[in-house]
Amino acid sequence: MNAVVEAFQRAQAEGRRAVIPYLTAGFPSPEAFLTHAERLAEEADLFEVGLPFSDPLGDGPVIQRASERALLQGVRTREVLRLVEALAGRTRAPLLLMTYLNPVLAYGLERFFQDFAAAGVRGVILPDLPPDEGPEVAEAAKAAGLATVFLLAPTSTDRRIATVLRHTTGFVYTVSVTGVTGARDRLPEELGTLIARIKAKTTLPVAVGFGISGRATASQAARAGADGVVVGSALIRALEEGQDPLSVLRAVREGARL
Amino acid sequence: MEGFRFLDFPVPDERGRFGPYGGRYVPETLIPALEELAAAFEEARRDPEFLATYRAYLRDYAGRPTPLYYAERLTEELGGAKVYLKREDLAHTGAHKINNTLGQALLARRMGKKRVIAETGAGQHGVSVATVAAMFGLEAVIYMGEEDVRRQALNVFRMELLGAKVVPVASGTRTLKDATNEAIRDWVTNVRTTFYILGSVVGPHPYPRMVRDFQSVIGQEIRAQLLEKEGREVPDAVIACVGGGSNAIGAFAPFAYAEPRPRLIGVEAAGEGLKTGRHAASIAAGKRGVLHGSYMYLLQDEDGQIAPAHSVSAGLDYPGVGPEHSYLADEGLAEYAAVTDEEALSGFRLLAKTEGIIPALESAHAVAYAAKVVPAMPRDAVVVINVSGRGDKDVAEVKRILEERA
């Protein structure tokens with residue numbers, strides 16, 4: 001069993017849903033990222049780090065802005081490796097790396113996953129890679145000892161669910177809405193049906209992301225049957241507005257308990 | 001001439017691969033929609049009624065076939081091969097884009113989608129989408145980079161006049177690349193009700209194939225018209241500009257996989273020069289990678305971040321080139337060259353002065369490259385330049401550039 005699945009089980013044993021905060025590496029600055037990430041990871045079960053990409057077509061305006069700002073400060077693959085390594089030394093929460101496919105290909109598939117695994121990453125999320133498009137990518141990640149996480153969406157057919165699950169070893173990242181990342185006031189009612197359809201086919205943990213903004217949405221995801229929740233845009237927006245992202249995370253934790 | 005047919009080409013395979021290129025690198029949310037689209041297109045291209053309807057709109061609405069015109073004065077001026085111009089600039093809306101938008105709008109209607117979205121660079125594709133949306137009574141939303149909104153104000157007005165909503169995109173480089181990101185984000189969000197009319201031979205499968213199939217009317221007509229005029233279907237060379245590459249694929253495809261094969265020359269935008277880094281020549285100076293759902297040649301830095309493209313022509317200002325062009329280049333089935341902004345401006349003036357035809361700045365790249373290679377070709381050789389669009393939209397920008405220099 002891998003560290004990612006174990007983190008979900010530990011949360012479950014404590015009667016909680018896993019809480020997974022996300023920050024874009026290098027936002028608002030490399031050092032401030034480390035400070036915030038460490039504080040957030042302290043109260044999290046897993047922690048997701050985004051490697052910024054110039055064309056994040058799965059992301060809404062908040063993460064787009066964070067990515068642009070990180071890139072403007074020169075935060076590229078090598079700097080993210082450094083930040084991840086530093087963060088891994090400061091937290092016990094398993095780290096997940098999220099990025100788009102092109103930076104991975106440019107760095108070299110095998111080397112990319114090996115170097116990030118060596119830096120302390122435990123799992124990888126690639127939002128623009130349906131796993132059957134590039135089975136060699138998931139294989140390279142697994143060979144480096146990383147858990148693989150792929151996305152499923154409200155539009156996913158049972159056949160797509162089966163295909164995606166075949167390549168997944170970490171958890172199932174369930175996209176709550178048809179849409180891009182971004183905080184929302186509430187999640188669609190059909191979320192429970194989607195989670196049930198996925199759970200009928202796997203024993204892997206199912207986490208819900210996109211739209212988790214605080215207590216209410218986290219609670220909605222928990223009641224819909226999620227084993228974990230991912231919160232990203234709401235944390236970054238708090239940082240943009242000079243608020244403490246930890247209070248957002250605590251609200252999400254509260255909600256995810258119900 | 002019997003008219004357009006859906007031809008069977010050897011690529012892509014059923015997964016949308018042109019050799020290693022192409023594919024479907026998009027968020028999972030879109031995969032079922034792309035599967036549905038591919039199936040609907042497959043069904044439509046086998047349906048005689050769909051074909052008849054598409055042909056009728058090409059003829060009666062778009063004004064096809066467009067002429068294949070013997071450019072006598074340009075031929076004299078260049079002093080080499082006989083030059084023909086494929087007059088896509090005479091198609092309705094002033095560019096080849098209508099071939100594709102009519103096809104996709106008919107498909108949208110067939111699939112029961114009432115809302116269409118699109119990205120646009122120069123605005124030619126956007127105008128074309130707004131046009132067919134008006135004609136078919138569909139709601140249209142067009143994404144356009146802020147920088148292009150500024151450069152192509154007239155096209156923005158045309159789209160609005162046609163009833164479309166134009167959304168300026170302020171992220172990234174504020175050009176076609178970012179407009180495409182935003183259109184994909186819209187589609188991810190509204191996938192159940194919306195048809196995405198992609199304008200070039202890029203994007204996830206089935207777009208590169210579908211757009212190629214619709215645009216192949218250009219090459220099919222060239223074959224038939226050349227047979228009439230020269231007694232031969234196949235010229236010695238076909239020259240077309242390449243941004244994403246839809247007009248070039250349309251002109252090339254009916255020649256690329258058959259014998260005898262003419263020289264197929266795609267002309268990329270070298271911008272201020274390949275060495276300056278300010279250009280849009282993905283094949284000449286790019287590396288393979290994934291953007292907008294497809295594996296293809298891309299302009300990118302060593303970390304895989306997409307590099308900004310530059311061209312005097314907004315329609316070529318794109319940091320990638322379609323997967324089929326990437327494949328044709330690797331296989332040596334087509335050759336690719338690049339001309340600078342400066343050379344394109346000369347091509348622009350050359351065609352205006354010798355033939356009374358003001359080409360789009362995009363098409364002026366093909367004219368400029370023809371001016372380089374035609375003089376060295378024998379007089380009995382035949383060259384076809386695809387004049388993909390007309391230059392009215394560029395006149396103000398060219399005036400500004402020329403005045404700046406004066």
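Biologist: Where is B:His292 found in chain B?

Modeller: A friendly note to start: this is a predicted model, where local features need pLDDT of at least 70 and side-chain atom pairs count only at pLDDT 80 or more, while totals for chains, interfaces and linings use all residues. Residues are numbered from 1 along each chain as its sequence is written, chains are lettered from A and ligands numbered from 1 in the order in which they are written, and side-chain values use heavy atoms, without hydrogens and water. B:His292 is not a glycine, although its phi is positive, about 50°. Taking strands (E, at least two residues) and helices (H or I, at least four) as DSSP runs numbered from the N terminus, B:His292 sits in the loop between strand 11 (287-291) and strand 12 (293-298) of chain B.

Biologist: Is B:His292 buried or exposed?

Modeller: Buried means under 20% relative accessible area, exposed over 50%, and partly exposed in between (1.4 Å probe, protein chains only). The relative accessibility of B:His292 is 2%, so this residue counts as buried.

Biologist: And how does B:Arg174 count?

Modeller: B:Arg174 is also a residue other than glycine with a positive phi, near 60°. You will find B:Arg174 in the loop between strand 7 (165-169) and helix 8 (176-190) of chain B. Its relative accessibility is 38%, so B:Arg174 counts as partly exposed.

Biologist: Which residue does a cis peptide bond join to B:His205?

Modeller: Omega of this bond is about 15°.

Biologist: Turning to chain A, how many strands are in the closed barrel?

Modeller: The barrel runs 1-2-3-4-5-6-7-8 with parallel pairing, where two strands pair if DSSP finds at least two bridges between them. From one strand to the next, the twist averages 25°. The number of strands is 8.

Biologist: Which residue stands opposite A:Ala207?

Modeller: Strand 7 (residues 206-209) and strand 8 (residues 228-231) of chain A run parallel and are joined by 2 bridges. In strand 8 of chain A, the residue opposite A:Ala207 is A:Gly228.

Biologist: Which residue forms a salt bridge with A:Glu31?

Modeller: A salt bridge is a side-chain nitrogen of Lys or Arg within 4 Å of a carboxyl oxygen of Asp or Glu. Here the closest N and O atoms are 3.2 Å apart. The pair links distant parts of the chain, 51 residues apart, with A:Glu31 in helix 2 (residues 30-42) and its partner in helix 4 (residues 77-88) of chain A. That partner is A:Arg82.

Biologist: Where do B:Glu397 and B:Arg400 both lie?

Modeller: Their side chains meet in a salt bridge (3.0 Å, N to O). B:Glu397 is buried at a relative accessible area of 12%, whereas B:Arg400, at 35%, is partly exposed. They are 3 residues apart, about one turn, and both lie in helix 16 (residues 395-405) of chain B.

Biologist: How many residues of strand 10 of chain B are buried?

Modeller: Strand 10 runs parallel to strand 9 (residues 237-241) of chain B, and 5 bridges join them. B:Cys241 stands opposite B:Val267 of strand 10. Strand 10 (residues 263-271) is mostly covered, and its buried residues come to 8 of 9.

Technical notes: Axes fitted to C-alpha atoms, helices over the stretch in contact; angles between N-to-C directions.
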